[in-house]
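Trainee: I would like to learn how to read the features of a structure like this one. Please take me through them in turn.

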Amino acid sequence: MLHIGGARTALFAWAYARRHGGVFVLRIEDTDRERSGAGYEQAILDGLRWLGIDWDEGPDVGGPYGPYRQTERLEHYRRAAERLLAAGAAYRCFCSAARLEELRARQTSAGDTAAYDGLCRAVDPAEARARSAGGEPFVVRFRVPPGETRFSDLIRGHVAFRNEDVDDWIMVRSDGAPTYNFAVVCDDSEMRITHVLRGEEHLTNTPKQVLLYQALGLEVPVFAHLPLMLGTDGKKLSKRTGDTALLDYRDQGYPPEAVLNFLCLQGWALDDRTDLFSVADLVRHFDPADVGKRGAIFDPEKFLWMAGEYIRSDELARVASRCAPFVVRAGLMSEGEIAARRPWFESAVALAQERIRLYSELPARIAYLFAPDDEVPWQPAALKNARRHEGAEILLGEYLAWLRPQLATGGGAPVLRETTRGWLEARGTKPPVLLQPLRCVLTGEPGGADIFDVIAVLGSERTISRLEAGIRRLASSAPAE
């Protein structure tokens, strides 16, 4: 599945391509059969589209250098492997899995780095061809030359690796499938890739790939290795600290704009004071040279804060549309009911828009609107607030008698708010003495949206019904301890 780290890499590569009028390519690297499948590919496409990332070439849109799935490019890899074997830059290795395991165990017990010892380097190519033609299993290894491999990284500057620290890695597995390092070099060259942005965990792969480019006589692309994303504990991001599949954040109710904005901050910043900015700002200013080398801290609390900021500043209609699936899932309304009562639904969403951080939080915030009027669940804190005022049920009864004709005029929340204030002033009653019991019987909650906005959403009939039921419940219930 496409995880949050992979999404950040895609975002930065996309932004860089868009800033410079380049081409952003989506390639599906599916040669690892155990970790590949149509469902995973679809999740990648859906996740990137959800973020608003588009691509110029890819498996679903085509392009001049396709196909864009590696399993459909196997002939390309076979031809490249034959070229390298013929040039002596690669060789067939017949070592069994048992021998390699024994070698690894010996090296590990001696405190050495586990690496292939080059036994099959000395096999004559003609003998190797004959053995492979006879059906003996083999892999194809790259013959790492002596010396040093250097390359320039847009983030890390000049990087050098001693070739003696790079073992003769496997290019083609015994079943004919290419390995990652081999396939991506072939693909990047044939697809005219000029810049490769990826996570720093790939940094040790780069000398292998640079050597392969050189062996094939190909131009080496420009690399930029992004810093790791770390949890607040300073360790590599894990599922526990936030490294979950991208679409899990969609399903949790995060706004895609907030996810995109937050990912931008994982190693890069617009400036030293701005947290919230648009994707247009990212495209206008993104430069890999400005990405930090140190690991970026993935702060879940800041992520939630940012999600809430985007919801609060968004237009009501879009917030309502994005909240709707969660309301349906909670069983409060059906899709048909939402469509039929769209203005009412938006007014209900407006009651909570300022208080939710995720779209998924809305159902719990407005559930009281859907409770039977005589069975509204009262939270203990709400009842305690109501009981703080002696004779609350009596005052509510008097308010109800005054309220009935007021509701009949249909003046709306602003008018009712002002006339209620006048009613209280005329009685010499402080607002909390009325408003806390009123909130308890209408919503069952100790706080929340403006109570007159709640009355407008409930409507006259249900407001009166809840008040009547609430007065009876207050009168019959024992005072809070």
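Trainee: Is Asp 187 buried or exposed, and why?

Mentor: This is a predicted model, and the values are computed from it. Burial is read from relative accessible area, and under 20% counts as buried. Asp 187 is buried because its relative accessibility is 0%.

Trainee: Where is Asp 187, and which residues is it in contact with?

Mentor: Asp 187 belongs to helix H6, which covers residues 180–190. Leaving out neighbours within four places in sequence, Asp 187 is in contact with Arg 27, Gln 70, Arg 73 and Tyr 77. With one of these, Gln 70, there is a side-chain to side-chain polar contact at 2.9 Å.

Trainee: What follows H6, and what is the phi of Arg 192?

Mentor: Here the general idea comes before the case. Most residues other than glycine have a negative phi. Arg 192 is not a glycine, yet its phi is positive, about 60°. Arg 192 sits in the loop between H6 and strand E6 (195–199). With a relative accessibility of 53%, Arg 192 counts as exposed.

Trainee: Which peptide bond is cis?

Mentor: Again the general idea first. Most peptide bonds are trans. The bond between Gly 66 and Pro 67 is cis, with omega about 0°. Pro 67 lies in the loop that runs between helix H2 (38–51) and helix H3 (74–87).

Trainee: What else can be read in that loop?

Mentor: Pro 64 is also in the loop between H2 and H3. Pro 64 counts as exposed because its relative accessibility is 62%. Pro 64 and Val 433 are 369 residues apart in sequence, and their C-alpha atoms are 73 Å apart.

Trainee: How should I read a whole helix, and how many residues of H20 are buried?

Mentor: Count the buried residues in the helix. In H20 (residues 451–458), 6 of the 8 residues are buried, so the helix is largely enclosed by the rest of the structure. Those residues are Ile 451, Phe 452, Val 454, Ile 455, Val 457 and Leu 458.

Trainee: Which elements do the buried residues of H20 pack against?

Mentor: They pack against helices H14 (342–352), H17 (392–409), H18 (412–427) and H19 (431–443), and against H21.

Trainee: What is found at the two ends of H20?

Mentor: At the start of H20, a side-chain oxygen of Asp 450 comes within 2.9 Å of the backbone nitrogen of Phe 452. After H20 comes Gly 459, with a positive phi near 90°.

Trainee: H21 was mentioned; where in it is Ser 465, and how accessible is that residue?

Mentor: H21 covers residues 460–476, and Ser 465 is one of them. Ser 465 has a relative accessible area of 27%, so it is partly exposed. The C-alpha atoms of Ser 465 and Leu 351 are separated by 20 Å, and the two residues are 114 apart along the chain.

Trainee: Which residues of H9 are buried?

Mentor: Helix H9 (residues 256–264) is mostly covered, with 8 of its 9 residues buried. The buried residues are Pro 256, Ala 258, Val 259, Leu 260, Asn 261, Phe 262, Leu 263 and Cys 264.

Trainee: Is Ser 132 buried or exposed, and why?

Mentor: Ser 132 has a relative accessible area of 18%, so it is buried. Ser 132 is in helix H5 (residues 125–133). Beyond neighbours within four places in sequence, Ser 132 is in contact with Arg 92, Phe 94 and Phe 138.

Trainee: Now the whole chain: how many helices and strands are there, and what is the radius of gyration?

Mentor: The chain has 21 helices and 9 strands. Its radius of gyration is 32 Å, whereas a compact globule of 481 residues would have one near 23 Å. Along the principal axes, the C-alpha atoms fill a box of roughly 105 × 50 × 40 Å.

Trainee: What can be said of burial, surface and contacts for the chain?

Mentor: Of the 481 residues, 46% are buried. The accessible surface is about 23400 Å², and 51% of that belongs to carbon and sulfur atoms. Among contacts between residues at least 6 apart in sequence, 74% join residues at least 24 apart.

Terms used. Residues numbered from 1 in each chain as written. Predicted model: local features only at pLDDT ≥ 70, side-chain atom pairs only at ≥ 80, totals over all residues. Heavy atoms only, no water. Helix = DSSP H or I, 4+ residues; strand = E, 2+ residues; numbered from the N terminus. Buried < 20%, exposed > 50% of the residue type's maximum accessible area, 1.4 Å probe, protein only. Polar contact = N/O pair within 3.5 Å; in protein donor to acceptor, adjacent residues only side chain to side chain. Contact = heavy atoms within 4.5 Å. Rg over C-alpha atoms; globule rule 2.2 N^0.38 Å. Areas by Shrake-Rupley, 256 points an atom, 1.4 Å probe, with all protein chains shown as cover.
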